[in-house]
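Biologist: I would like to go through this structure feature by feature. Please give the general idea each time, and then the case at hand.

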Amino acid sequence: MHVKNLECSYCHREYEARRLHNVCTECGKPLLVRYDLKRISKFLTRQALYARRSDLWRYREVLPIRREDNIVSLGEGWTPLLHVSSLGEAVGMSELYVKDESLNPTQSFKARGMAVAVSMAKELGANKLAAPSAGNAGGALAMYCARAGLKAFLFMPRDTPRANIIECEAAGANVTLIDGLITDCGAEVARRKATEGWFDVSTLKEPYRVEGKKTLGYEIAEQSAWTLPDVIIYPTGGGTGMVGMWKAFDELQQLGWIGEKRPRMISVQAEGCAPIVRAFEAGERFADEFQNAATVASGLRVPKAIGDFLILDAIRESGGTAITVSDEELIAGAREMARNEGIFAAPEGGACVPALRKLLARGDVKPGERVLLVNTGSGIKYLDAFEGKTKARKSKGEARKSGLGPAMRP
């Protein structure tokens with residue numbers, strides 16, 4: 001009821017909110033939901049949240065669903081924000097925290113985005129949803145579509161962790177494996193969606209996954225007593241979480257719930273796939289596709305992100321930076337988080353630990369600052385990576401050149 005319109009994040013063209021949209025028809029960039037925050041601020045207060053449900057729908061007024069019966073929920077959100085004193089002692093910090101997204105349904109932060117995207121697709125009349133996925137997004141889409149009674153069509157790299165593929169199949173999704181990267185999978189969705197009648201819910205190619213992810217920012221603020229951390233270290237693939245948090249902080253300020261202070265946003269990528277880091281270091285606003293992308297952290301293997309400029313804007317506007325870690329370092333970081341804190345982080349979340357050490361050594365982070373690491377998912381889905389059985393495989397040259405590899409069911 002409080003949505004004003006959709007707005008292109010780049011050219012600022014406005015679109016009607018109560019219709020299915022993908023990207024801007026003028027420039028091809030992501031659309032964002034805009035709310036009447038001035039009106040909302042007149043009746044919604046921070047205190048009003050105290051008695052509300054403990055999931056992301058506690059922020060109902062700044063989410064786009066109009067009818068309560070269209071909400072598709074598995075209890076996503078309101079994950080713990082933990083003070084990790086043992087890990088902090090190991091790196092020489094007293095104010096170190098982890099936002100642990102592994103406790104979401106489907107064991108990753110992808111549940112946030114898909115809960116809102118599937119709810120809006122249901123509300124707006126779509127019944128067949130399609131997306132490329134390197135793992136956790138596919139599992140989340142499959143489960144939320146099952147919950148909603150919608151059909152899911154997923155295209156995944158053939159070397160996606162087997163646990164993710166089984167998860168999607170168990171939920172009844174139509175799964176196609178591609179010899180290539182997530183970009184090749186996305187090309188297949190784009191090629192077939194019109195003839196197949198699919199609505200494309202790829203990362204930032206529809207407006208609502210970012211609305212679910214932005215609740216990370218709302219929760220971080222509320223769980224920190226409305227004082228944001230000095231630094232947020234975020235493992236970045238498609239980057240929807242960083243884009244969402246940055247949007248949330250702006251909305252929170254407009255609501256009068258926080259001031260102007262922002263955390264320094266730090267993007268962590270794998271050495272084998274670091275398009276954002278390269279663009280940041282080169283001073284570019286857009287990131288070139290990262291050739292021969294390879295990493296065991298499948299969620300970080302995104303060679304080209306449609307929201308690249310939004311990620312880079314958030315980093316630069318916040319005074320943050322971008323940094324890489326090796327596959328060996330991110331696996332060791334996940335093990336260290338498990339040993340010190342009992343958090344079995346996904347390799348992506350594990351990447352935050354070696355990144356923090358490098359940032360401390362460089363002086364980009366000070367030992368006395370309050371730092372938040374975002375663990376995006378559970379290590380349980382990456383057992384081969386932890387056993388050393390998975391190699392950072394590259395896509396086949398022919399698949400990369402054509403944009404499409406052979407598509408076969410497993």
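Modeller: Start with the strands. Two strands pair if DSSP finds at least two bridges between them. Note that this is a predicted model. Here β1 and strand β3 (residues 31–35) are joined by 5 bridges and run antiparallel.

Biologist: How many bridges pair β1 and β2, and in which sense?

Modeller: There are 2 bridges, and the sense is antiparallel. Tyr-15 in β2 is the bridge partner of Leu-6. The hairpin of β1 and β2 has 5 residues between the strands, and within the hairpin His-12 takes a positive phi near 70°.

Biologist: What is the order of the strands in the sheet?

Modeller: The order is β2-β1-β3, in an open sheet of 3 strands with antiparallel pairing. β2 and β3 are the edge strands, since each pairs on one side only. As a general point on reading such strands, side chains in a regular strand alternate between the two faces of the sheet.

Biologist: Which residues other than glycine have a positive phi near 60°?

Modeller: Thr-106 is one of them, with a phi of about 60°. Thr-106 belongs to the loop between β5 (96–100) and α3 (110–123). Leu-204 also has a positive phi, near 60°, and is found in the loop between β9 (199–200) and α7 (209–213).

Biologist: Are Thr-106 and Leu-204 buried or exposed?

Modeller: For this the cut-off is needed: buried means under 20% relative accessible area. Thr-106 has 13% and is therefore buried. Leu-204 has 2%, so Leu-204 is buried too.

Biologist: Next, the aromatic residues. How many aromatic pairs are there?

Modeller: Rings pair if their centres lie within 6.5 Å, and planes over 60 degrees apart count as edge-to-face. By this rule there are 9 aromatic pairs. One of them is Tyr-10 with Phe-286, which is edge-to-face, at 5.8 Å centre to centre and 65° between the planes.

Biologist: Which parts does the pair of Tyr-10 and Phe-286 tie together?

Modeller: Tyr-10 lies in the loop between β1 (3–8) and β2 (14–15), and Phe-286 in the loop between α10 (275–282) and α11 (308–317), so the pair links parts that are 276 residues apart in sequence. Tyr-10 is partly exposed, at 36% relative accessibility, and Phe-286 is partly exposed at 30%.

Biologist: What is the geometry of the pair formed by Phe-286 and Phe-309?

Modeller: The ring centres of Phe-286 and Phe-309 are 5.6 Å apart and the planes are at 45°, so this pair is tilted. Phe-309 lies in helix α11 and Phe-286 in the loop between α10 and α11, so the pair ties together parts that are 23 residues apart in sequence. Phe-309 is buried, with a relative accessible area of 0%. Tyr-10, Phe-286 and Phe-309 form one aromatic cluster.

Biologist: Which charged residues lie over rings?

Modeller: Among them, Lys-213 has its charged end over the ring of Phe-109, 4.2 Å from the centre. Arg-58 lies over the face of Tyr-59, at 5.9 Å from the ring centre.

Biologist: What does the span of helix α12 show?

Modeller: The expected span of a helix is 1.5 Å times one less than its number of residues. Helix α12 (residues 327–341) has 15 residues and reaches 21 Å from its first C-alpha to its last, close to the 21 Å expected. Its buried residues include Leu-330, Ile-331, Ala-334 and Met-337. Just after α12, Gly-342 takes a positive phi of about 75°.

Key:
Residues are numbered from 1 along each chain as its sequence is written. This is a predicted model: local features need pLDDT of at least 70, side-chain atom pairs count only at pLDDT 80 or more; totals for chains, interfaces and linings use all residues. Side-chain values use heavy atoms; hydrogens and water are left out. Rings of Phe, Tyr and Trp (its six-membered ring) pair if their centres lie within 6.5 Å; planes under 30 degrees apart count as stacked, over 60 as edge-to-face and the rest as tilted. Helices (H or I, at least four residues) and strands (E, at least two) are DSSP runs, numbered from the N terminus. Buried means under 20% relative accessible area, exposed over 50%, partly exposed in between (1.4 Å probe, protein chains only). A charge sits over a ring if NZ of Lys or CZ of Arg is within 6 Å of the ring centre and within 35 degrees of the ring normal.
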